[in-house]
Amino acid sequence: MAWKSADVVVIGGGIIGTAIAYFLSCQKINVILLEKSGIASGSSGACDGGVVMQTKKPGVHLKLALESHALLSQIQDQLPVPIEYEKSGGLIVMETEDEKTAMKQFVEAQRQTGLDVELLDHKQLRTLAPQLSEHLIGATYSPWDGKINPIALTLGFAMGAKQMGSEILTGTAVLDIELEGKQISAVVTAAGKIETRMVVNATGVYASEIGRMLGIEIPIKPRRGQLLVTEARPGLLNHWLVSANYIAAKFNPQLAKEGAGGVSMDQTQNGNLLIGSTREFVGYDRRTTVEGLKQIASRAVRILPDLKHTHLIRAFAGLRPYTPDGLPILGEVENIKGLIMAAGHEGDGIALSAITGKLISKLVLEGKTDAALDSLNLKRFSTDTTQC
C-alpha cells in the first residue's frame with residue numbers, strides 16, 4: 001500500500017525544485033517535493049546571489065534569463081519572505097585587447113536578443129567605478145543585472161508552495177522510481193512509497209543518479225566553485241562584477257581544467273563581499289583548498305586594489321551542475337512517460353529559477369511548453385557525449 005500519492009513529485013529542494021513546486025502550487029496541482037537533506041542545503045545555499053543577464057549566451061539562454069528577470073520582479077512581493085532583490089547593474093571588466101574584441105561581439109549578439117547593454121572604454125569605466133584598478137581597459141555594463149539572497153529566494157519558493165497546499169518533505173531520500181511499462185508509477189523513498197505518474201528531476205548535481213535509477217544517462221556532473229567572504233564594507237562595490245576571463249572559463253571546460261579563470265564579486269546588502277570562484281572537476285568534494293583560495297584572492301586584488309585592506313572572515317565551496325554545452329536540460333524525457341528534466345543550470349540557477357518554474361508548470365498542465373525549450377531537451381546530447 002502506498003504511503004502517499006501526488007499529481008507530481010518534484011525531487012530536489014534547491015532553487016529549481018522549489019520554484020517548480022511554487023508555480024505548480026499556484027495552479028492548484030497536488031505536489032510533493034522531496035529533499036534528501038534540507039531546503040537550500042546544496043548548491044543553492046553555497047553560491048553568490050547574482051541575477052545576471054550578461055553572462056548568458058545570446059539566443060534562448062539569454063531570452064529565458066530576461067523572462068525570469070521580469071518574473072522575479074513581479075513575484076517578489078508575493079513570496080512570504082523578503083528576497084533582497086536589487087537591480088544594481090553589472091560590469092564585465094576587461095584587461096586585454098583580445099578580451100575587448102571578444103566582448104564587443106558578445107555585446108552585439110546580446111543586444112540583438114534584447115538586452116540593454118553597452119561597451120565602456122577606460123575613461124567611462126573609471127567614471128562609473130573609480131575604485132577599480134587603473135589597468136582595466138574597459139567593461140561592458142547592463143543596468144538589468146542584479147542580485148538577490150539565494151537562500152531567502154529558495155525558502156520563499158518553498159514556503160510559498162507549502163502555504164498553497166504543497167507538501168515539502170525534507171530528510172527524505174529517493175531510493176527508486178517504479179515504472180509500469182514505460183510509465184512512471186511511483187517514487188520509493190526511505191519513508192515509504194508515493195504513487196504518482198509524473199516526476200520532475202530537479203536534483204542539480206545529483207540528476208545523473210536519478211537518471212541511473214531509470215536506466216538513462218544524464219550528462220550532468222559537479223563542478224566545484226570556491227568563494228571568499230569579506231568583512232562588511234558597505235559601498236565598496238556598487239555593481240555586481242565579473243572579469244571577462246571568467247566568462248570564457250564558464251563556457252570552455254578546457255580553461256577550467258587548466259586553472260584559467262577570472263573573478264566574480266558581489267556585495268550583499270549587509271556589505272559583505274562574496275568573491276569567487278574556481279571551476280574545478282573534483283567529483284563531489286566540497287572542501288576548499290589553499291591553492292584555490294589564493295588564486296581567487298590574487299585575482300580579486302588585481303581588479304579591486306582596496307581589498308588589500310579588507311579582512312576575510314570565511315571561505316566555502318559549492319557544486320555547480322555542469323553540462324557539456326553550459327546550458328540546462330529542460331523538458332520531457334523520451335521513452336519514459338512522466339519524467340521531466342529540470343537540472344544542469346550550472347551557475348545560472350538563481351537567474352533562471354522563476355522562468356524554469358513557470359515553464360515546467362506549463363508543461364505539466366498543458367503537456368507542452370515554449371518551443372524554444374526544444375533546444376534544451378536531453379535528446380540534444382548524442383550517445384557519445386552523455387558519459388559523465
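Which residues is G338 in contact with, leaving aside its neighbours within four places in sequence? Leaving aside those neighbours, G338 is in contact with Q183, I184, R197, M198 and V199, where contact means heavy atoms within 4.5 Å. The legends below place this glycine and several other residues in their surroundings.

The structure is a predicted model, in which local features need pLDDT of at least 70, side-chain atom pairs count only at pLDDT 80 or more, and totals for chains, interfaces and linings use all residues. Residues are numbered from 1 along each chain as its sequence is written, and side-chain values use heavy atoms, with hydrogens and water left out.

**Figure 1. The whole protein.** The protein has ten helices and 20 strands; helices (H or I, at least four residues) and strands (E, at least two) are DSSP runs, numbered from the N terminus. The C-alpha trace spans about 70 × 40 × 40 Å along its principal axes. The radius of gyration of the protein is 21 Å, which agrees with the value near 21 Å for a compact globule because the chain has 388 residues. This radius is taken over C-alpha atoms, and the globule rule is 2.2 Å times the number of residues to the power 0.38. Of the 388 residues, 56% are buried. Buried means under 20% relative accessible area, exposed over 50%, and partly exposed in between (1.4 Å probe, protein chains only). Among contacts with a separation of 6 or more, 76% join residues 24 or more positions apart.

**Figure 2. Surface and charges of the protein.** The protein has 39 positive and 40 negative charges, and their mean positions are 1 Å apart. Lys and Arg count as positive and Asp and Glu as negative, while His and the chain ends are not counted. Each charge is placed at NZ of Lys, CZ of Arg, CG of Asp or CD of Glu.

**Figure 3. Helix 5 and its packing partners.** Helix 5 covers residues 150-163 and has 14 residues. From first C-alpha to last it reaches 20 Å, close to the 20 Å expected at 1.5 Å a residue; the expected span is 1.5 Å times one less than the number of residues. The buried residues of helix 5 are P150, A152, L153, T154, G156, F157, A158, G160 and A161. These buried residues pack against helix 1 (15-26), helix 2 (60-75), strand 9 (167-170) and helix 10 (349-366).

Figure 4. F157 is found in helix 5 and is buried, with a relative accessible area of 0%. Not counting residues up to four places away in sequence, F157 touches I15, T18, A19, Y22, F23, I75, L79 and S353. A158 also has its place in helix 5 and counts as buried because its relative accessibility is 6%.

Figure 5. Most residues other than glycine have a negative phi, and most peptide bonds are trans. K28, in the loop between helix 1 and strand 3 (31-35), has a positive phi near 65°. K28 is exposed, with a relative accessible area of 68%. E84 has a positive phi of about 55° and lies in the loop between helix 2 and strand 5 (90-94). At 33% relative accessibility, E84 counts as partly exposed. The peptide bond from G276 to S277 is cis, with omega near -5°. S277 lies in the loop between strand 17 (272-276) and helix 9 (290-303).

Figure 6. G38 lies in the loop between strand 3 and strand 4 (50-51) and is partly exposed, with a relative accessible area of 21%. Leaving aside neighbours within four places in sequence, G38 is in contact with G13 and T170. G38 and G12 are 26 residues apart in sequence and 9.5 Å apart in space, C-alpha to C-alpha. G338 has its place in the loop between strand 19 (329-332) and strand 20 (339-343). This glycine, G338, is buried, with a relative accessible area of 15%. The C-alpha atoms of G338 and V199 are separated by 6.1 Å, although the two residues are 139 residues apart along the chain.
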